Amino acid sequence: MKNLLKLAMLILGIALLSVFASCNGEVVDETAPSSVTNLTATAKDSRVLLTWTDAADSDIYGYEVSCSGTNAINRVVLPALDSNSMMVPQGAGGTYVSGLTNGTEYTFTVKTVDTSGNKSAGVTVKAAPVAGETLKIALTAEVPHENGYSGNKSNTKVTVTANITTASTVKKVVWKKEGSLIAKTLLADAEATAATVSNDNANWTFDITATDESANGIYTVAAIDEAGREEAEQITIDNFEFTAPKKVEVTNAVYSSDLSAIILKWTEPGDSDYDHVDISFTSNDGTSDSTASQAVSVTKGTANKTFSSIDGAKAYYTYTFITYDELGNKGADYTYKVYVSNIPEGFVQVSGTRITGNESWTPSSEVFVSGRSLTIPDLYVCDHEVTRDEYKAIMGKDPSTAYAYDKDGNQLTGDAVLNNPVNYVNWYSALVYCNRLSIKEGLTPCYKISNSTDPDTWGSVPTSMNSTWNAAACNFEADGYRLPTEAEWEWLARGGENYTYAGSDTVQDVAWYENTTNGKGSREVKTKNANAYGLYDMSGNVMEWCWDWYGDISGSTGASGASSGTRVLRGGSWYNLASSCGVAYRYNGFPASRYEYFGFRLVRTAE
């Protein structure tokens, strides 16, 4: 009953489709195609071989073959609903109907089906399968299993084995793609190819080689023995697969001058049979590329690679990624350029990204949230917090008040303190430092106050809230130094990984905080482990000023836009508990505030 209901709904749908097409002025093909001719049935053991001459129509989709007891099937047959029917493609010239009962007469009906769904009246023939076939062909296909591959696909060859059972000696075996199912016809076909016999005369083999997937299809094998018995059998080959794997995509590239290394990270293609990526590179001295390096392979499951011995005098390195699947199919080239000489000393290059806010962040973020879209530009990022020495060289004095210690806890004095992060600086001071350093290096300053980028015209750095300085504007397109936005800071601190702290879930590995400093003062920069972007002290040592007002998210879609009167600080400090040093923890302070654990870090928008 359920099948009849489905059938009725299908017929109704076809009728409605015809009405709809007619109403739209389309010409609907409702002409039944012509029938096959020369339909014959040859009885076999538990099966019957049907052969015919295909219909001559130009729009043939295939042939519906059905069988039933002693009566022809006189209705629409849906292969999905009726196990006694099947579709045979145009050009096959016949088919085996298997699984029959020997001695039972069956009526076989072949109806032509065109591409519009029309069917011919059909042609019928009767036959009863009989026991006792004395020549049988069993076909199997195997693919080469090389380099540890254990699947059933190939892009080189498939070996077909014909296991032949007969009471006599096999005389000849031939094969052909889409060959005739009539053994006599195929054996006489000049285009058929002879198979190779094994020593026992029972197994005959042939190789199908391919350069593309057109080699897939139906292959027919025919055999004849010395007693004159003939038989044909078919096998469907779908083992050839030439689909090129998708490309990798670089998500981050960092050049570290300290390590003389470029660290690459990428996302792997989603192909289920992706196997590895080969990476080669060239360097450019500003005029021409070097010869490409020998490729190195990175296997599936590893999506990062560190290239050492990078020449910092080069202009850039270009990396070429080529993906391969388990069969050796090769993906298209993907190249990524990493600049070297343009990166300031002590900085790393971090690639930008577009964040939709739908990512799963661990720990959870208050910045990268659902409904908010953020763009992180390509950045040059200082791998350390601005030191006392660097600050003094630009500003003329070191304002720091916190005690300074080395990594072993020894208190430092004199010039030895200068490698510790500058502290006791407010947000206003950080803007002055950024613009003065930019001007000194011939870069375009980012910050403008009272329509000027020259800090010498701004007046003294305020020690209390100042509306003029609070109205400072930032040109994010400029190539000068600036503070990171809060979103940039968190992206950099996470380093492309989901750790609680900047580079680790173990706070002691990456942060100078209250437990490791006993709350006494700062430590030398870069004496804890860096995160995956090569950035030190993103957790701990000193809190770092960001550009944003607390409550605003620069460059975002969907941010609250509420200015709180305080600016963002991130990362925790030597004075704070571990909980304040996490990559997701947020802190704020008035822009005029100075504390012995307030410092900052520089970034530049990359060229």
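# Surface, cores and salt bridges of a predicted chain

The accessible surface of the chain comes to about 27,800 Å², and 48% of that surface belongs to carbon and sulfur atoms. Accessible areas come from the Shrake-Rupley method with a 1.4 Å probe, and for residues only the protein chains shown count as cover. This is a predicted model, in which local features need pLDDT of at least 70 and side-chain atom pairs count only at pLDDT 80 or more, while totals for chains, interfaces and linings use all residues. Residues are numbered from 1 along each chain as its sequence is written, and side-chain values use heavy atoms, with hydrogens and water left out.

**Overall form**

The secondary structure comprises eight helices and 37 strands; helices (H or I, at least four residues) and strands (E, at least two) are DSSP runs, numbered from the N terminus. The chain has a radius of gyration of 38 Å, well over the 25 Å that the globule rule gives for 607 residues, so it is more spread out than a compact globule. That radius is taken over C-alpha atoms, and the globule rule is 2.2 Å times the number of residues to the power 0.38. Along the principal axes, the C-alpha atoms fill a box of roughly 110 × 65 × 50 Å.

Of the 607 residues in the chain, 49% are buried. Buried means under 20% relative accessible area, exposed means over 50%, and partly exposed lies in between (1.4 Å probe, protein chains only). Among contacts with a separation of 6 or more, 69% are between residues 24 or more positions apart; a contact means heavy atoms within 4.5 Å.

**Nonpolar cores**

In soluble globular proteins, nonpolar side chains tend to be buried together. A nonpolar core is a set of buried Ala, Val, Leu, Ile, Met, Phe, Trp, Tyr and Cys residues joined through side-chain atoms within 4.5 Å. The largest such core has 62 residues, and Phe600 and Tyr433 are among those with the most contacts inside it. Helix H4 (residues 427-440) supplies the largest share of this core, eight residues. Leaving aside residues up to four places away in sequence, Phe600 touches Tyr433, Glu544 and Trp545, among others.

**Salt bridges**

Side chains of opposite charge can pair when their charged atoms come close. A salt bridge is a side-chain nitrogen of Lys or Arg within 4 Å of a carboxyl oxygen of Asp or Glu. The structure holds 22 salt bridges, including those tabulated here.

| Salt bridge | N to O distance |
|---|---|
| Lys157 and Asp207 | 3.8 Å |
| Asp189 and Lys176 | 2.7 Å |
| Glu544 and Arg601 | 2.8 Å |

Lys157 lies in strand S9 (residues 157-166) and Asp207 in strand S13 (residues 203-209), so this pair links distant parts of the chain, 50 residues apart. Lys157 is partly exposed at 32% relative accessible area, and Asp207 is partly exposed at 38%. In the second pair, Asp189 is partly exposed at 24%, whereas Lys176 is buried at 19%.

Just after H6, Gly495 takes a positive phi of about 65°.
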